[in-house]
Amino acid sequence: MSEGILLAKVARGTLLAEEARVARLQEALPQIEAALAGETDAVAIQATLACLLWETLLQANWCGFYRRVEDRMLAVGPYMGGMGCLRIPFERGVCGACARTGETQLVPDVQAFPGHIACDGATRSELVIPVRVQDRLVAVLDLDSPHPAGFSAAEARLLEQLLSRCFFQVRSR
Ligand code: SME
C-alpha cells in the first residue's frame with residue numbers, strides 16, 4: 001500500500017482560515033499529481049482524487065464525483081463521506097447546474113440556491129467543478145461542507161487546474 005500524501009495532521013471537520021486552506025492545498029497538489037502520474041483510467045483517477053482531496057480538504061463532509069451516464073443525467077461515482085444521491089438530473093441541484101452550464105459552481109450558502117438537493121441536512125456550502133475530457137463534460141467533482149462559505153474562489157481555481165491536468169490523459173468514450 002502506498003503512503004498517500006503527507007500533510008499536517010489537523011482534525012477532520014476543521015475549517016482553517018482561507019490562507020491556511022490554500023497553503024494546504026498547494027502543498028498537496030504536487031503530491032496528488034505525482035500519485036496519479038501516467039494513470040489513464042477515469043475511475044482510478046476519480047477514486048484516488050476522492051481519497052486524497054478528502055485528506056486535504058478537512059472542511060468537506062462529502063468529496064467525490066458524479067459521472068455523466070446519459071445525455072442529461074449524472075450518477076454517483078467514487079466518493080468519501082456519507083451516502084450521496086445515486087442520480088442527479090442536469091435540471092437539479094448544484095451538481096446539475098454545473099453539468100448544465102459547464103461552469104464551476106461556488107455556493108457559499110446552499111439554502112440560497114434554488115433547487116439545492118439536501119442529501120445531508122448538515123451541508124451549508126458547496127463547490128462543484130466540471131470535469132472535461134477532450135472538451136466533453138464527463139463528470140463533476142462535488143465538494144460539500146457543513147461550514148457556511150467552506151470553499152473559496154482560490155481553492156476553486158486550484159482544483160480546476162488539478163482536474164484539467166489529471167484528466168488530460170483520459171480517453172473519452
Ligand atoms: N451536491 C449535490 C447534493 C449533495 S450530494 O448528493 C452528495 C447537489 O447537487 O445539490
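1. The N-terminal end of helix 2 is capped by Asp41, a side-chain oxygen of which lies 3.2 Å from the backbone nitrogen of Val43. The model is predicted, with pLDDT of at least 70 required for local features and 80 or more for side-chain atom pairs, whereas totals for chains, interfaces and linings use all residues. Residues are numbered from 1 along each chain as its sequence is written, and side-chain values use heavy atoms, without hydrogens or water.

2. Helices (H or I, at least four residues) and strands (E, at least two) are DSSP runs, numbered from the N terminus.

3. Which residues of helix 2 are buried? They are Ala42, Ile45, Gln46, Leu49, Ala50, Leu52, Leu53, Trp54 and Thr56. Buried denotes under 20% relative accessible area, exposed over 50%, and partly exposed the range between (1.4 Å probe, protein chains only).

4. Strand 1 pairs with strand 2 in the antiparallel sense through seven bridges, pairing requiring at least two DSSP bridges. Trp62 is placed opposite Gly81 of strand 2, and the hairpin between strand 1 and strand 2 passes through two residues. Strand 2 also runs antiparallel to strand 3 (residues 87-89), to which three bridges join it. Here Ala75 has Arg87 of strand 3 as its bridge partner, and five residues lie between the two strands of the strand 2 and strand 3 hairpin.

5. The largest nonpolar core has 35 residues, of which Ile32, Leu49, Leu53, Leu159 and Phe167 touch the most other members. At least two residues of this core come from each of helix 1, helix 2, strand 1, strand 5 (125-133), strand 6 and helix 4. Another core, of 18 residues, lies apart from it and has Trp62, Phe113, Ile117 and Val140 among its members. A core is a set of buried Ala, Val, Leu, Ile, Met, Phe, Trp, Tyr and Cys residues joined through side-chain atoms within 4.5 Å.

6. Beyond its neighbours within four places in sequence, Leu53 is in contact (heavy atoms within 4.5 Å) with Ile32, Cys63, Leu141, Leu159 and Leu162.

7. The whole structure holds six salt bridges, each a side-chain nitrogen of Lys or Arg within 4 Å of a carboxyl oxygen of Asp or Glu. One of them joins Glu155 and Arg21 at 3.0 Å, N to O. This pair links distant parts of the chain, with Glu155 in helix 4 and Arg21 in helix 1, 134 residues apart. Are Glu155 and Arg21 buried or exposed? Both residues are buried.

8. Arg68 makes a salt bridge to Asp71, with 3.4 Å between the closest N and O atoms. Arg68 is partly exposed at a relative accessible area of 21%, whereas Asp71, at 57%, counts as exposed.

9. Within helix 4, Arg157 and Glu160 are three residues apart, about one turn of the helix. Their salt bridge brings the closest N and O atoms to 2.9 Å. Arg157 is partly exposed at 41% relative accessible area, and Glu160 counts as partly exposed at 26%.

Key
Polar contact = N/O pair within 3.5 Å; in protein donor to acceptor, adjacent residues only side chain to side chain.
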